Amino acid sequence: MLDFLQNLTGRSSPVPPPDTGDPTRTLDALLRTAIAENASDVHCEPKEDGLLIRFRLDGEMRDHTRLPLAHRDAFLARGKIFGGMDITERRLPQDGRAVLRDGARRFHLRLSTLPTVHGESLVIRLLDQSMPAQAFERLGFAPEQSAALDAALHGPAGLIYLTGPTGSGKTTTLHSALHALDHHGRVIHTLEDPVEYEFAAIRQTEIREKIGLTFAASLRALLRQNPDVLLVGETRDAETAQLAVRAALTGHLVLSTLHTNDALAAIPRLRDLGVESFLLSAALRLVAAQRLVRRLCPDCKAPHPDSPRLAAHYLLPDAQLFRAVGCAACRGRGYRGRLAIHEVIPAEKFLPLISADAPLAELVALRAREGHATLWQRGLAAAAVGETTVDEVARVL
């Protein structure tokens, strides 16, 4: 795919209205508005009477505008050209990419089309490349969680898993973890689908399954290049899982992700993928889970009128709970930005149970005895100090 560079701030004219009749200027205005509102995704959804444009703001979909039917196809074609896609192919899904700048900020755009009953749906993901890797505390990790993760990262070898759904910030956390390592004298290589953030000090490979460049094939080839640290973007199949464990057992530090509901659920998931329990217990160093909840707007949040009852219901004695209100600063949403909450479990105390093929219930019981906070408990703790609401925690978890 070709990368297209477009400077969206080089015009002195005001931002054009959402639908100008000119697909190029309409797309330009749409992307500039999405950047201004800190949207993570732009969804262009074909309808029978036109094209619905929605933004994902702080993880929540919001209607933005609607283009008339007469402008729908021209706009979608312009989006495909912008992403380097084939405008004559409308029957099959396509992926594209582009690069744009907004002042000092540089964005990588990931574009995807998918046929629907009313035409092609176009989704544009905006990735801010100017955002630096951050310390774990700034990502929302508690001090003891940061210490556990740092200890696992600075071990000589082993397997570290981060779990969570798509869009929960796993890639940001993993790249911050890589940047916490000493790059001098070490070979660090990532396998990603796609490469969302580019880093000069790290070698990165983009997975392309259509041509056979899968996670498993890439990992097998990468091990022959003798890296010290590997990031496998996602463990999707049995072969990738088994190769990752073998790499961790042969002196490599391996970081990867899984789609599970919490941290401990990664262990039965890896067993389902064919990893032997005794090998998993020998390789695993740490497993963590992550979610993103919306952060209350500091300018308009207000004490919840039913705070005492809610605090008692959620076992948060004496906590002052807050509610979302809405103001000009947060555009009436009541929330501004997102907060990451984590569950971090060092594997050491769990290894005997893992080796003995213990069921998940026994692992959960040990987690409670060891005092490791769950995602739900971390979310309620954030609500108790006014960073979010219990409704938002319940919505996400």
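User: In this predicted model, which residues of β8 point one way, and which point the other way?

Analyst: G158, I160 and L162 point one way from β8, while L159, Y161 and T163 point the other way. The general idea is that side chains of a regular strand alternate between the two faces of the sheet. All of these β8 residues are buried.

User: Which strands pair with β8?

Analyst: In general, strands of a sheet pair through backbone hydrogen bonds, in either a parallel or an antiparallel sense. Here, β8 is joined to strand β12 (residues 253–258) by 6 bridges, and the two run parallel. Within that pairing, Y161 has S256 of β12 as its bridge partner. Strand β13 (residues 284–296) also pairs with β8 in the parallel sense, over 5 bridges; there, I160 has L286 as its bridge partner.

User: What is the order of the strands in the open sheet, and which strands stand at the edges?

Analyst: The open sheet has 7 strands in the order β10-β9-β11-β12-β8-β13-β16, and its pairing is mixed. At the edges stand β10 (203–206) and β16 (335–346); each has a single partner strand, so one side of each is left without a neighbour in the sheet. From one strand to the next, the twist averages 15°.

User: How do β9 and β11 run in their pairing, parallel or antiparallel?

Analyst: Strand β9 (residues 188–192) and strand β11 (residues 229–232) run parallel, joined by 4 bridges. One of the partner pairs is H189 with L230 of β11.

User: Which strands does α6 lie across?

Analyst: Helix α6 lies across β8, β11 and β12, and runs at about 140° to β8.

User: Is S121 buried or exposed?

Analyst: S121 has a relative accessible area of 15% and is therefore buried, since the cut-off is under 20%. This residue lies in strand β7 (residues 119–128).

Notes. Residues are numbered from 1 along each chain as its sequence is written. This is a predicted model: local features need pLDDT of at least 70, side-chain atom pairs count only at pLDDT 80 or more; totals for chains, interfaces and linings use all residues. Side-chain values use heavy atoms; hydrogens and water are left out. Buried means under 20% relative accessible area, exposed over 50%, partly exposed in between (1.4 Å probe, protein chains only). Two strands pair if DSSP finds at least two bridges between them. Axes are lines fitted to C-alpha atoms, for helices over the stretch in contact, and angles run from 0 to 180 degrees between N-to-C directions. Contact means heavy atoms within 4.5 Å.
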